[in-house]
Amino acid sequence: ADLVNNIEWYELRLEPGGILQSEAHPARTMEHLTILEGEGEVNCGRETGSVKIGETARYGADQPHSW
């Protein structure tokens with residue numbers, strides 16, 4: 001219950017080829033990206049990874065990142 005004000009949940013729909021770029025969030029911020037349709041790519045810092053339908057990517061979002 002102590003974390004309820006620190007959690008945000010979004011549904012994001014991107015068109016094919018669409019990109020969402022984000023600046024770094026506060027220290028220790030984590031994002032969890034679950035792909036419900038299609039597939040995508042996560043870029044976080046110097047790392048890049050593909051995410052397929054049904055998979056969840058978890059990464060530190062306290063650095064610039066994009067989907």
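**Reading a six-stranded model**

Colleague: Leaving aside neighbours within four places in sequence, which residues is Ser-22 in contact with?
Modeller: Ser-22 is in contact with Pro-64 and His-65, once neighbours within four places in sequence are set aside. Keep in mind that this is a predicted model. Ser-22 itself sits in strand S1.

Colleague: Is Ser-22 buried or exposed?
Modeller: Buried means under 20% relative accessible area. Ser-22 has 19% relative accessibility, so Ser-22 counts as buried.

Colleague: Let us step back to the whole chain. How many helices and strands does the protein have?
Modeller: There are zero helices and six strands. Read from the N terminus, the elements run β-β-β-β-β-β.

Colleague: How should I read the pairing of S3 and S4?
Modeller: Strands of a sheet pair through backbone hydrogen bonds, and the sense is either parallel or antiparallel. Here S3 and S4 (residues 47-52) are antiparallel, with six bridges between them.

Colleague: What lies between S3 and S4?
Modeller: The two strands form a hairpin with two residues between them. Gly-45 is in the turn and has a positive phi of about 65°. Arg-46 also lies in the loop between S3 and S4.

Colleague: Is Arg-46 buried or exposed?
Modeller: The cut-off for exposed is over 50% relative accessible area. Arg-46 is at 87% relative accessibility, so Arg-46 counts as exposed.

Colleague: How many residues separate Arg-46 and His-65 in sequence, and how far apart are they in space?
Modeller: They are 19 residues apart in sequence and 9.3 Å apart from C-alpha to C-alpha. As for strand S6 (residues 65-66), two bridges join S6 to S3, and the pair runs antiparallel. His-65 in S6 is the bridge partner of Cys-44.

Colleague: In what order do the strands of the open sheet come?
Modeller: The open sheet has four strands in the order S1-S6-S3-S4, with antiparallel pairing. Its edge strands are S1 (21-22) and S4, each of which pairs on one side only.

Colleague: What should I expect of the side chains along a strand?
Modeller: In a regular strand, side chains alternate between the two faces of the sheet. For this model, turn to the packing. The largest nonpolar core has eight residues: Leu-33, Ile-35, Val-42, Cys-44, Val-51, Ala-57, Tyr-59 and Ala-61. Strands S3 (39-44) and S5 (56-60) each supply at least two residues of this core.

Colleague: Which residues does Ala-61 touch, not counting residues up to four places away in sequence?
Modeller: Ala-61 touches Ala-24, His-25, Thr-29, Met-30 and Glu-31.

Colleague: What share of the residues of the protein count as buried?
Modeller: Of the 67 residues, 18% count as buried. The protein exposes about 5900 Å², and carbon and sulfur atoms supply 49% of that area. The C-alpha atoms fill a box of roughly 35 × 25 × 15 Å along the principal axes.

Colleague: How many positive and negative side chains does the protein have?
Modeller: There are 5 positive and 12 negative side chains, and the centres of the two sets lie 5 Å apart.

Colleague: What share of the contacts between residues at least 6 apart in sequence join residues at least 24 apart?
Modeller: The share is 53%.

Notes. Residues numbered from 1 in each chain as written. Predicted model: local features only at pLDDT ≥ 70, side-chain atom pairs only at ≥ 80, totals over all residues. Heavy atoms only, no water. Core = buried A, V, L, I, M, F, W, Y, C linked by side-chain atoms within 4.5 Å. Buried < 20%, exposed > 50% of the residue type's maximum accessible area, 1.4 Å probe, protein only. Contact = heavy atoms within 4.5 Å. Areas by Shrake-Rupley, 256 points an atom, 1.4 Å probe, with all protein chains shown as cover. Lys, Arg positive; Asp, Glu negative; His and termini not counted. Charge placed at Lys NZ, Arg CZ, Asp CG, Glu CD. Pairing = 2+ DSSP bridges.
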